[in-house]
Each structure stands twice: as structure tokens, then as C-alpha cells.
Amino acid sequence: MGAAIGIILTMILISIQPYDLKKVFFLVLSLVCLSALPCFAGSLLLSVNSTPYDRQMSRIQPVLSSKGSAQKDDVSMAIVNHWIQGLREIPYGFSQEWRTPSEVETAPSADCKGKAVALYQKMQAHGAHNVRLVIGKRTSSSRKTHAWLEWNTDSGTYVLDPTINWNAYRADEVRGNSYLPLYAYAGSHKYRAVSSDLVARN
């Protein structure tokens with residue numbers, strides 16, 4: 001993947017003509033995308049100043065921006081699966097607004113948004129790094145959006161979906177037409193997913 005991207009960038013650099021603004025623009029776009037967070041399979045994250053969800057997410061922004069008290073990453077896959085299972089046991093119930101983790105704990109039901117945010121808080125509190133809250137499509141044919149977490153570890157990227165799954169799954173095991181990101185949030189940072197194929201073509 002890295003070698004292919006390097007070849008693409010080299011080809012773009014070689015083909016740039018003086019004052020060809022379109023090619024310069026796409027080169028800059030490619031570099032920005034590559035400097036964003038590690039790619040989702042088939043997608044790259046482009047840092048943005050705003051998303052269509054910003055107003056809705058204002059209730060949970062303090063949760064996303066909070067820093068955990070743990071000094072080091074003290075999160076094992078076993079404890080993550082335990083948290084996922086606990087949240088998965090909560091009956092599903094749609095909420096128009098994003099619920100905070102304390103609201104999820106006390107409510108009789110919770111939706112994908114609330115469960116994902118509650119898991120995000122648990123991971124942050126225990127010092128987990130490279131965790132993102134993702135809004136996207138559960139499948140390519142889904143009519144509504146879905147929320148889950150993605151966690152980059154030394155052993156790979158994992159999809160954490162406490163609404164549908166009972167355990168974490170490696171992203172490369174569930175990719176294809178599943179878990180297609182649109183936007184992602186990590187702390188105060190916001191990202192928009194763009195197709196790596198689109199970047200490669202340009």
C-alpha cells in the first residue's frame with residue numbers, strides 16, 4: 001500500500017507542468033490525505049473543520065475531548081470485549097439526540113450512538129490511544145447511518161460495535177461492503193472519509 005502510494009505521488013510529481021493548478025491541487029490533496037490518520041480499508045481520513053453532525057454532537061463533545069486518568073494504555077482485548085458485551089446487552093432503543101455515557105447507563109435502552117460514545121469513554125478512561133468514533137453505513141445498502149468505534153493497535157485495526165457485535169473484529173475481516181465510514185471523531189479532531197481509489201485516480 002505504501003509503495004503504491006509512493007509510486008502514484010511520484011507519477012503526479014513527474015507529470016506536473018508549470019502553472020497547472022489542477023494537478024498541483026490534487027497533489028496537495030493527496031499529501032493532506034496521506035498525512036491524516038491511518039487509512040480505513042478503502043478510505044482515507046481527511047481532516048476537516050466541520051461536519052454535518054457538529055450541532056447534534058455538541059452534547060457529547062466533552063466526552064470526546066476528555067482525557068483519561070490512566071497514565072498508560074492499560075486496555076486488553078479481553079476487557080474491550082467485556083465492555084462490548086455489557087453494552088450489547090442493553091436493549092436497542094433509538095434516541096433523537098446523542099446520549100452521554102451516564103444517560104446510557106441509567107436509561108432502559110440505548111441506540112448505536114449512545115453505546116459507541118459510552119465505549120469511547122471507557123477506552124479513553126483506561127488510556128487507550130488511536131480510538132475514533134465513526135459515523136457511516138453498516139452496509140453499502142443501509143439507508144440509515146450507524147455509529148461504531150475503530151481502534152488502531154499494534155496488531156491491526158479493530159471495529160468495535162457494541163450495538164450489533166459481541167466482540168471486537170479485525171477491520172480486514174469485516175470490510176468489503178460493511179462498516180463504511182463517512183465521518184470520524186477523535187478528541188477535538190474531525191475527519192471526513194474519502195475514497196483512496198479517488199485519490200489514486202487523481
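Where in the protein is the place of Asp 111? Asp 111 sits in the loop between α5 (101–106) and α6 (112–125).

This is a predicted model, in which local features need pLDDT of at least 70, side-chain atom pairs count only at pLDDT 80 or more, and totals for chains, interfaces and linings use all residues. Residues are numbered from 1 along each chain as its sequence is written, and side-chain values use heavy atoms, with hydrogens and water left out.

**View 1. Overview of the protein.**
The protein has 8 helices and 7 strands. Helices (H or I, at least four residues) and strands (E, at least two) are DSSP runs, numbered from the N terminus. There are 202 residues, and 44% of them count as buried. Buried means under 20% relative accessible area, exposed over 50%, and partly exposed in between (1.4 Å probe, protein chains only). The accessible surface comes to about 11100 Å². Carbon and sulfur atoms hold 55% of that surface. These areas come from the Shrake-Rupley method with a 1.4 Å probe; for residues, only the protein chains shown count as cover. Among contacts with a separation of 6 or more, 59% join residues 24 or more positions apart. Contact means heavy atoms within 4.5 Å.

**View 2. Asp 111 and its partner Lys 113.**
Asp 111 counts as buried, at 2% relative accessibility. Leaving out residues up to four places away in sequence, Asp 111 touches Tyr 92, Gly 93, Phe 94, Ser 95 and Thr 163. Its side chain meets that of Lys 113 in a salt bridge, 2.5 Å from N to O. A salt bridge here is a side-chain nitrogen of Lys or Arg within 4 Å of a carboxyl oxygen of Asp or Glu. Is Lys 113 buried or exposed? Lys 113 is buried, because its relative accessibility is 11%.

**View 3. Lys 115, a buried charge without a salt bridge.**
Lys 115 belongs to helix α6. Lys 115 is buried yet has no salt bridge. Asp 161 is the nearest side chain of opposite charge, 8.0 Å away. For charge, Lys and Arg count as positive and Asp and Glu as negative; His and the chain ends are not counted. What does the side chain of Lys 115 reach at 2.6 Å? That side chain reaches the backbone oxygen of Ile 90. Beyond four places in sequence, Lys 115 touches Leu 87, Arg 88, Ile 90, Pro 91, Val 104, Ala 110, Pro 162 and Thr 163.

**View 4. The largest nonpolar core and a second one.**
The largest nonpolar core has 33 residues. Such a core is a set of buried Ala, Val, Leu, Ile, Met, Phe, Trp, Tyr and Cys residues joined through side-chain atoms within 4.5 Å. Met 57, Met 123, Leu 133 and Leu 160 have the most contacts inside the largest core. The elements giving two or more residues to this core are α3 (61–65), α4 (77–88), α6, β2 (131–139), β3 (146–153), β4 (156–160) and β6 (178–186). Helix α6 gives the most, with 7 residues. Setting aside neighbours within four places in sequence, Met 57 is in contact with Leu 64, Trp 98, Leu 133, Ile 135 and Tyr 185. A second, separate core has 11 residues, including Leu 45, Trp 148, Val 174 and Ala 184.

The whole structure holds 6 salt bridges. One of them pairs Glu 103 with Arg 59, the closest N and O atoms being 2.8 Å apart. Glu 103 lies in helix α5 and Arg 59 in the loop between β1 (43–48) and α3, so the pair ties together parts 44 residues apart in sequence. Glu 103 is partly exposed at 28% relative accessibility, and Arg 59 is partly exposed at 31%. Arg 132 and Glu 150 also meet through their side chains in a salt bridge, 3.9 Å from N to O. Arg 132 is in strand β2 and Glu 150 in strand β3, 18 residues apart. Arg 132 is buried, with a relative accessible area of 2%. Glu 150 is buried too, at 0%. Shared partners join the salt bridges of Arg 59, Glu 97 and Glu 103 into one network.

**View 5. Ala 171 in helix α7.**
Ala 171 lies in helix α7 (residues 171–174). Ala 171 is buried, with a relative accessible area of 8%. Apart from neighbours within four places in sequence, Ala 171 is in contact with Thr 157, Tyr 158 and Val 159. Trp 151 is 20 residues from Ala 171 in sequence and 9.2 Å away in space, C-alpha to C-alpha.

How values were computed
A polar contact is a pair of N or O atoms within 3.5 Å; within protein, one must be able to donate a hydrogen and the other to accept it, and residues adjacent in sequence count only if both atoms are side-chain atoms.
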